[in-house]
Amino acid sequence: MSDLYLHHYLSSPFSEKVRALLGYLELPWNSVLISNIMPRPNLMELSGGYRKTPILQDGANVVCDTKLICQHLAARAGNTSVYGAGFAATRLAEWADSTLFRTVVAMCFAPKALAVIAEQLGSDDLTAFMADRAKLTDGAAMTSLSPEVAEANFVHYLRELEDSLAGPSAKPFLLGDSPSIADFSLYHGLWFAAQNPVVEQLFDGFDNVKNYLKPFMAWGQIKGVPASSEAALARGAEAEPELFAYGEYLPVVGANISIGDSVAVTPDDYGKIPCVGELLHISDVAIVVRRHDALAGEINAYFPRTGFEVERST
Ligand SMILES: N[C@@H](CCC(=O)N[C@@H](CS)C(=O)NCC(=O)O)C(=O)O
């Protein structure tokens with residue numbers, strides 16, 4: 001039985017990135033469905049407060065943020081080919097996870113697209129969702145792009161992608177004959193856009209793009225074994241945390257923090273809830289803290305080094 005538990009909800013684009021990668025890597029996994037808004041019973045005990053979606057649990061190890069989740073899964077599968085293109089793949093992935101994602105958010109939360117979501121969800125659920133997301137961003141907008149600019153940018157990206165997937169020397173994936181992490185990041189942004197019936201119309205006429213997305217959709221359809229949040233928590237409590245090799249020790253610049261100190265690790269953009277624990281390891285790749293939770297027991301929490309702040313916690 002797999003020790004991998006993905007805590008996710010079906011409409012979450014970053015979760016779709018991970019589901020597609022799990023499918024591609026042919027890794028067996030357990031699927032813990034969570035609410036699309038807080039509270040999320042039994043999960044915060046494992047994550048120490050980190051609230052973005054998805055969260056990967058590997059026994060008594062909790063990996064936060066898809067940047068590190070994907071690396072962890074590739075290492076677990078013994079197949080790191082999605083990182084074979086190095087810098088080109090990871091920087092392109094970052095563009096898709098940030099610029100493209102925010103462009104799609106601006107379109108999907110525009111009034112004409114929201115009207116469709118309101119119809120699907122019901123107005124009470126939509127109000128609760130919007131209130132939850134306002135808390136996530138401390139009331140700030142996720143993006144300063146107007147829906148009109150976002151749509152123009154999006155169509156521009158689609159046209160460029162359509163053209164680069166055409167022609168005799170075109171490859172089936174962005175960087176070659178097999179998918180890289182950049183493809184998985186691009187996929188989840190485009191998938192998110194295609195979920196909304198209003199935004200989805202923008203794909204009309206972009207047939208190369210539609211074909212490009214097909215294998216990812218098929219991998220994303222490969223289901224995990226359903227598991228309850230109670231079962232996942234119990235597994236976390238019973239398993240022993242491990243220290244996976246994520247780079248050489250690299251001290252925090254300008255901070256008086258040593259291994260063993262109590263630290264707070266916080267996302268630097270939104271969902272800024274600190275996870276507090278004892279610093280076990282820090283490198284240019286990852287930050288690892290040990291937490292002791294009354295219900296989850298001893299947990300190692302993993303965060304990517306980039307995109308997070310580490311501070312001494314008193
Ligand atoms: N950098 C994060 C971004 C994750 C993210 O923003 N996920 C969205 C859902 S797709 C989220 O957390 N929304 C708020 C929530 O689910 O609580 C990652 O790569 O995992």
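**Figure 1. The two sides of helix α11.** On one side of helix α11, Glu230 and Glu238 are exposed (over 50% relative accessible area; buried is under 20% and partly exposed is in between, with a 1.4 Å probe and protein chains only). The buried residues of α11, which spans 229-238, are Ser229, Ala232, Leu233 and Gly236. These four sit on the same side of α11 because they cover an arc of only 100° around the axis, the arc being that of the directions from the helix axis to the C-beta atoms. Helices here are DSSP runs of H or I with at least four residues, strands are runs of E with at least two, and both are numbered from the N terminus. The whole thing is a predicted model, where local features need pLDDT of at least 70, side-chain atom pairs count only at pLDDT 80 or more, and totals for chains, interfaces and linings use all residues. Residues are numbered from 1 along each chain as its sequence is written, and side-chain values use heavy atoms, with hydrogens and water left out.

Figure 2. The buried residues of α11 pack against the strands β1 (4-8), β2 (30-33), β3 (55-58) and β9 (297-304), plus helix α2 (43-47). Contact, here and below, means heavy atoms within 4.5 Å. Arg235 also belongs to α11, but at 23% relative accessibility Arg235 counts as partly exposed. Skip the residues up to four places away in sequence, and Arg235 touches Asp3, Tyr5, Gln57 and Gly59. As for Gly307, 72 residues from Arg235 along the chain, the two C-alpha atoms are separated by 29 Å.

**Figure 3. A look into the second largest pocket.** This pocket has a volume of about 250 Å³. In its lining of 14 residues, His8, Leu10, Arg19, Trp29 and Lys223 lie nearest the centre. Helix α1 (13-25) and strand β2 each put at least two residues into the lining. By type, the lining splits into six nonpolar, five polar and three charged residues. A pocket is an open set of points on a 1 Å grid over the protein atoms alone, where a 1.4 Å probe fits and protein lies on both sides within 12 Å along at least five of seven lines; lining residues have an atom within 4 Å of a point. Grid points are joined across faces, edges and corners, and the volume is the space filled by probe spheres set on the points.

Figure 4. The chain divides into domain 1 (4-80 + 224-312) and domain 2 (84-219), with bounds from an automatic or database domain assignment. Their C-alpha centres lie 24 Å apart. Across the boundary, 22 residues of domain 1 are in contact with 22 residues of domain 2.

Figure 5. Most residues other than glycine have a negative phi, and most peptide bonds are trans. Met38 and Pro39 are joined by a cis bond with omega about 5°, and Pro39 sits in the loop between β2 and α2. Thr53 and Pro54 are also joined by a cis bond, with omega about 5°; Pro54 is in the loop between α2 and β3. Glu26 isn't a glycine, yet its phi is positive at about 55°. Glu26 lies in the loop between α1 and β2 and, at 71% relative accessibility, counts as exposed. Asp65 is another non-glycine with a positive phi, near 80°, in the loop between β4 (61-64) and α3 (66-77). Asp65 is buried, at 16% relative accessible area.

**Figure 6. Phe308 and its contacts.** Phe308 lies in strand β10 (308-312) and, at 6% relative accessibility, is buried. Leaving out residues up to four places away in sequence, Phe308 touches Tyr50, Asp65, Val265, Thr266, Pro267, Asp268, Ile287 and Phe303. Pro274 is 34 residues away from Phe308 in sequence and 9.7 Å away in space, C-alpha to C-alpha.

**Figure 7. Pro147 in helix α7.** Pro147 belongs to α7 (147-164) and is partly exposed at 28% relative accessibility. Beyond its neighbours within four places in sequence, Pro147 is in contact with Ala106 and Ala110.

Definitions and conventions
Nonpolar A, V, L, I, M, F, W, Y, C, P; charged D, E, K, R; others polar.
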